[in-house]
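Subject: Structure handover

Hi,

Here is the structure I promised to pass on. Have a look at it first, and my notes on what turned up follow below.

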Amino acid sequence: MTAPVSALDRLRADLAGIALADDAASIRMASRDFFWFSPILKTELDGRHAELVATPRTKDELKRIAAACARHRMPITIRGGGTGNYGQAVPLAGGLVVDMRRFDRMIFARKGAARFEAGANLLDIDKALDPHGQELRFHPSTRAQATIGGFVAGGAAGAGSCTWGQIDNLGAVTALEVMTVEAEPKLIELRGKDILKVMHAYGVNGIITEVEVPTAPAHDWAERIVTFDSFMAAARFGEAFTQCDGLAKKLVSIHDPRIGPYLRRLGPYLEEGRAFAVLMISEPQADTLDLLIADHAGKVTYRRGAEAAKAVAFGTHTERGGPGPLYEYTWNHTTLHALKMDPSITYLQLRYPAPDSLKLVAWAEKQFHDDVYLHLEFQRRHGEVVPSSLPLVRYTTRERLETIMAEATAAGIQVSNPHTYVLNNAGWKQIKAPQPEFKRLADPHGLMNPGKLLGWETAGQQAAE
């Protein structure tokens, strides 16, 4: 008597010739992201995993995968580098994980624009653009691991946002090609505001296959660490530097003195009790930056020239005993470094809207001083300088975490809760676009990352009535 053939067996047969893996190690690695930054998500998502991993290399292979999943009603989770923090790469319903990292060709590159397959690594993209004298406008601190499709589907900002804003700003992405998950997959080109239909949607409503972005002229980026007497003195400098439009800059990151001990490789360049700034400046303008630093009573404790900084970032040279790329100590990399030393640490996501940004920062520093260690990442958004924050939090209870978020919201600080995997609860990061409607078009069987977007089925039933 033969055993019945399962849907997974039929899927596997349909995907013959495509790289597949079902060993425990591959399954575990492909079913995780950095959700463990959150003690709440760690409890909710530990142990969730896929049943099979597929690694396509071509669009034809990707079409076969989408069609087969539709035929067999197999849940499908798309992942890139897995550098997100919200459990969006974790399959809640098992099924198939599609690892996009071998789907990584450059479609074209020219002055001011480039187009890549979705699995292209962000650092590799900048290496490919370098001979053209171009670079990505901005990238997350996880540049060495993240993919461009993953950045569009789940990222927000990073090094360069002090000049160019965030990924969801109009013009930050020129075009997306999206594949539907149905028996006969279709390709849909999205441009303009239609891009928001899949922006920050974590692969719940279509497979991003190609990403076209504007690029910027490449600068020679020098790096600096600067210390200040107090956190607010450093914050005032950060705001002034970001507002200084005449200085080409790529990173303005301001840190509470108590964060210093968690960034061990920066230890030799930090001073006990003094706040610090981590900066990237166009090297020909570094002397002018020194004048601004002096005006704010700052002290430069570390200088790395552009040639050395690029060599370290591109992996062609490592300073003996020196730190890695300085952007890898900022944004949510700060949390990663802290967690390696203290597993009780977690984080929040805050934004301090203009025009009272620094007043709100000063209030938060005082109000939450005992259990929240602020660091600010300055951005330019919609013509205004706005600091955001991924502060370290000494986690005690879920109730205390929720109290901090509630008090911050009441004070006028914008909060996005990073301790939920439900897109509907994304706070200020929730995209105002018809994502549920597009899901019904691109994923009619509801197979993509199920459980992450709530209510789309109900909305569809209401629309049909």
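The side chains of Arg105 and Glu117 form a salt bridge, 3.0 Å from N to O; the term stands for a side-chain nitrogen of Lys or Arg within 4 Å of a carboxyl oxygen of Asp or Glu. Arg105 sits in the loop between β4 (96–99) and β5 (106–110) and Glu117 in strand β6 (residues 113–117), so the pair ties together parts 12 residues apart in sequence. (Strands are DSSP runs of E with at least two residues, helices runs of H or I with at least four, both numbered from the N terminus.) Arg105 is partly exposed at 48% relative accessible area, whereas Glu117 is buried at 2%. Buried means under 20%, exposed over 50% and partly exposed in between, with a 1.4 Å probe and protein chains only.

Before you read on: this is a predicted model, where local features need pLDDT of at least 70 and side-chain atom pairs count only at pLDDT 80 or more, while totals for chains, interfaces and linings use all residues. Residues are numbered from 1 along each chain as its sequence is written, and side-chain values use heavy atoms, leaving out hydrogens and water.

Back to the charges: the whole structure has 30 salt bridges. Another one joins Lys299 and Glu271, with the closest N and O atoms 2.7 Å apart. Lys299 lies in strand β14 and Glu271 in the loop between β12 and β13, so this pair ties together parts 28 residues apart in sequence.

β14 also belongs to an open sheet of eight strands, in the order β14-β11-β13-β12-β18-β19-β16-β21, with antiparallel pairing. Two strands count as paired if DSSP finds at least two bridges between them. β14 (299–304) and β21 (414–416) are at the edges with a single partner strand each, so one side of each has no neighbour in the sheet.

Then the aromatics: there are 10 aromatic pairs. Rings of Phe, Tyr and Trp (its six-membered ring) pair if their centres lie within 6.5 Å; planes under 30 degrees apart are stacked, over 60 edge-to-face, and the rest tilted. The Trp36 and Phe37 rings have centres 5.1 Å apart and planes at 80°, so they are edge-to-face. Trp36 is partly exposed at 28%, but Phe37 is buried at 2%. Ring pairs also link Phe34, Trp36, Phe37 and Tyr347 into a cluster.

Cheers
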